[in-house]
Amino acid sequence: MTLEVRTVPADTPEVDALLDAYLDEREATFPSAQGSYARKRTPAAEFTPPRGTFVVASEDGRAVGCGGLRRIPDDGDDVRFEVKHVFVTPDGRGRGVATAVMDALEAGGAALGATAIVLDTNDSLVAAGAMYRSRDYERVPAFNDNPNATAWYRKPVR
């Protein structure tokens, strides 16, 4: 199969379907000990250049993953962009789709002037945390009040 990652507007039907699947899965698998999942989608306008970007990964023309990057307030000397909504469909997992999405988002952040890329996740998403750490993201104190997050990460843009 051929994997293609392309930049798209974040308000297309294709993105809506991926984000609905992402939110449905997170809600269904959210750890009950942490309460209820706060179902929240970042507004599409936040993923529009120069404030951000959104990508969709496709295999043979079928959308199998996505992710967005948006500008957030600077922290000291850092120009920060935040990764949001990285998702790979169940049938797309285990084939490098998330890596390709992250490659595109990190390149997009560099092109938009980021000096750091940050993200939050939940420790229950073991594979996601492992992927972020393998990409040199380091755990940092919370930089937002996302009720779904238990871990925050930062990576400098070189």
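So, which strand or helix gives the largest share of the lining of the largest pocket? It's β4, with 7 residues.

Before I go on, a word on the model. It's a predicted one, where local features need pLDDT of at least 70, side-chain atom pairs count only at pLDDT 80 or more, and totals for chains, interfaces and linings use all residues. Residues are numbered from 1 along each chain as its sequence is written, and side-chain values use heavy atoms, with hydrogens and water left out.

Back to the pocket. By pocket I mean an open set of points on a 1 Å grid over the protein atoms alone, where a 1.4 Å probe fits and there's protein on both sides within 12 Å along at least five of seven lines; lining residues have an atom within 4 Å of a point. The largest one has a volume of about 940 Å³, volume being the space filled by probe spheres set on the points. It has 42 lining residues, and the closest to its centre are Tyr22, Arg26, Val86, Thr121 and Leu125. The lining splits into 20 nonpolar, 11 polar and 11 charged residues, with Tyr counted as nonpolar and Gly as polar here. At least two lining residues each come from α1, β4, α2 (97-111), β5 (116-121) and α3 (126-134). Those helices (H or I, at least four residues) and strands (E, at least two) are DSSP runs, numbered from the N terminus.

Now α1, residues 13-29. It has 17 residues and reaches 24 Å from its first C-alpha to its last, close to the 24 Å expected at 1.5 Å a residue; that expected span is 1.5 Å times one less than the number of residues. Its buried residues are Val15, Leu18, Leu19, Tyr22, Leu23 and Arg26. Buried means under 20% relative accessible area, exposed over 50%, partly exposed in between (1.4 Å probe, protein chains only). That buried set packs against β2 (52-59), β3 (62-71) and β4 (80-88). On the other side, Pro13 and Ala28 are exposed.

Last stop, Glu82, which lies in strand β4. Buried or exposed? Glu82 is buried, because its relative accessibility is 2%. Beyond its neighbours within four places in sequence, Glu82 is in contact (heavy atoms within 4.5 Å) with Gly68, Leu69, Arg70, Ile72, Val118, Leu119, Asp120, Phe143 and Asn144.
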